[in-house]
Amino acid sequence: MRATIQIESPDEVRALLGINDAHARLFREELHVAITVRNSDLHIDGEAEDVDAARRVAEQVIERFRATGHVDGAEVEMLVRGGARSGDPAGDVLLKNRSHRNVMPRTDGQRRYVRAMEKSEVVFAIGPAGTGKTYLAVAMAVRHLRDGKVKKLTLTRPAVEAGEKLGFLPGTYEAKVNPYLRPLYDALFDLLDPAQIRKFAENDVIEVAPLAYMRGRTLADAFIILDEAQNTTPGQMKMFLTRMGEGSRCVVTGDVTQIDLPNPGSSGLLHAARVLKKVKGIQFCQFGQTDIVRHAVVQRIVDAYEKER
């Protein structure tokens, strides 16, 4: 079977095929297709299913290049490997980020995660760094807000110190807390305009706060995200989950291989996975190394640490 894609410039060919055709070899090795370019046509040859997967990857790479003028080589590698694993790298587009790139699940694990967030009131996402747990949760929250399904986004993290106490760090309270909340802000700023975020924050539509601020509250019509949940205690986890009010959805993310508590066995995430696994309305999504999409080397780093355990 052959698929043909129209190419607008030599730069698009270079972005797709890579330096010294490195990406073309990756397409051949991972997706079992041959890519050739003649004039303004890019041809993909192979078995029908492989060609279909490779075509979707190529179209996505070209779309990103046309939108931004650049595609990172590691990003192309991630997309090709994702296409090889899932056969459908495009997935379902949640929304476009500030760079006009489609935000979507890229692996089977991420696809199951997105489906779970669409269907269930409470979702736990457990897995290693780089699997998109937090980013996809924030993207889903922004989409729910945009579509009018919720009125508020609440993002929170436990403030667990890595060897230092917040009270002994220099600066204001905000300066002390911000490093713990920065990853949540990073996801928001990638998805929304800074002026829009400030407006939402001023109107209490978006709230980013330490987990301790959740105590005693009821959050109705809200999309609530608890990040780094492996560093909660069972009591904190129960407190957080019982903040849900009518019309709310809750996503809990964490990596049980990076517990910073003095007693790792006391993690509220591990406890919840045992206690809540059969509760109706709750889904658990487990990610593995094959779901890592942050950077190609991240997967190799996680693999190396797993072998050392």
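**Figure 1. Val123 in strand 6.** Val123 belongs to strand 6, which spans residues 122–126; helices (H or I, at least four residues) and strands (E, at least two) are DSSP runs, numbered from the N terminus. The model shown is predicted: local features need pLDDT of at least 70, side-chain atom pairs count only at pLDDT 80 or more, and totals for chains, interfaces and linings use all residues. Residues are numbered from 1 along each chain as its sequence is written, and side-chain values use heavy atoms, with hydrogens and water left out. Val123 has a relative accessibility of 1% and counts as buried; buried means under 20% relative accessible area, exposed over 50%, and partly exposed in between, with a 1.4 Å probe and protein chains only. Apart from neighbours within four places in sequence, Val123 is in contact with Tyr113, Ala116, Met117, Cys250, Val251, Val252, Gln283 and Cys285, where contact means heavy atoms within 4.5 Å. From Val123 to Ala137 the C-alpha distance is 9.7 Å, at a separation of 14 residues in sequence.

Figure 2. Six strands form an open sheet with parallel pairing, in the order 8-7-9-10-6-11. Strand 8 and strand 11 (282–286) are the edge strands, and each pairs on one side only. On average, neighbouring strands of this sheet are turned by 15° against each other, direction ignored. Axes are lines fitted to C-alpha atoms, for helices over the stretch in contact, and angles run from 0 to 180 degrees between N-to-C directions. Two strands pair if DSSP finds at least two bridges between them. Strands of a sheet pair through backbone hydrogen bonds, either parallel or antiparallel. Strand 6 is joined to strand 11 by five bridges in the parallel sense, and Ile126 stands opposite Gln286 in strand 11.

**Figure 3. Strand 10 and its partners.** Five bridges pair strand 10 with strand 6, again in the parallel sense, and Val251 of strand 10 is the bridge partner of Val123. Strand 9 runs parallel to strand 10 and is joined to it by four bridges; here Phe223 stands opposite Arg249 of strand 10. Six of the six residues of strand 10 are buried. In a regular strand the side chains alternate between the two faces of the sheet. Both faces of strand 10 are covered, with Arg249, Val251 and Thr253 buried on one side and Cys250, Val252 and Gly254 buried on the other.

**Figure 4. Helices 9 and 10 on the six-stranded sheet.** Helix 9 (residues 234–241) lies across strand 6, strand 7 (152–157), strand 9 (222–226) and strand 10 (249–254), and runs at about 155° to strand 10. Helix 10 (residues 268–275) lies across strand 6, strand 10 and strand 11, at about 125° to strand 6.

Figure 5. Val208 is found in strand 8, residues 206–210. Its relative accessible area is 13%, so Val208 is buried. Leaving out neighbours within four places in sequence, Val208 is in contact with Leu155, Leu181, Leu184, Tyr185 and Leu188. Thr154 is 54 residues from Val208 along the chain, yet their C-alpha atoms are separated by 6.0 Å.

Figure 6. An open sheet of three strands has the order 1-3-2, with antiparallel pairing. Strand 1 (2–6) and strand 2 (34–38) each have a single partner strand, so one side of each is left without a neighbour in the sheet. Strand 2 and strand 3 (residues 41–45) run antiparallel and are joined by five bridges; Ile35 has Ile44 of strand 3 as its bridge partner. Helix 3 (residues 48–68) lies across strand 1 and strand 3, at about 10° to strand 1.

**Figure 7. A nonpolar surface patch that includes Tyr305.** Tyr305 lies in helix 11, residues 296–308. With a relative accessible area of 62%, Tyr305 is exposed. Together with Val297 and Ile301, Tyr305 forms a nonpolar patch on the surface with about 300 Å² of accessible area. Patches are made of residues with over 30% relative accessible area and no salt bridge, with like charges joined within 9 Å and nonpolar side chains (Val, Leu, Ile, Met, Phe, Trp, Tyr) within 5 Å. A salt bridge is a side-chain nitrogen of Lys or Arg within 4 Å of a carboxyl oxygen of Asp or Glu. Accessible areas come from the Shrake-Rupley method with a 1.4 Å probe; for residues, only the protein chains shown count as cover.
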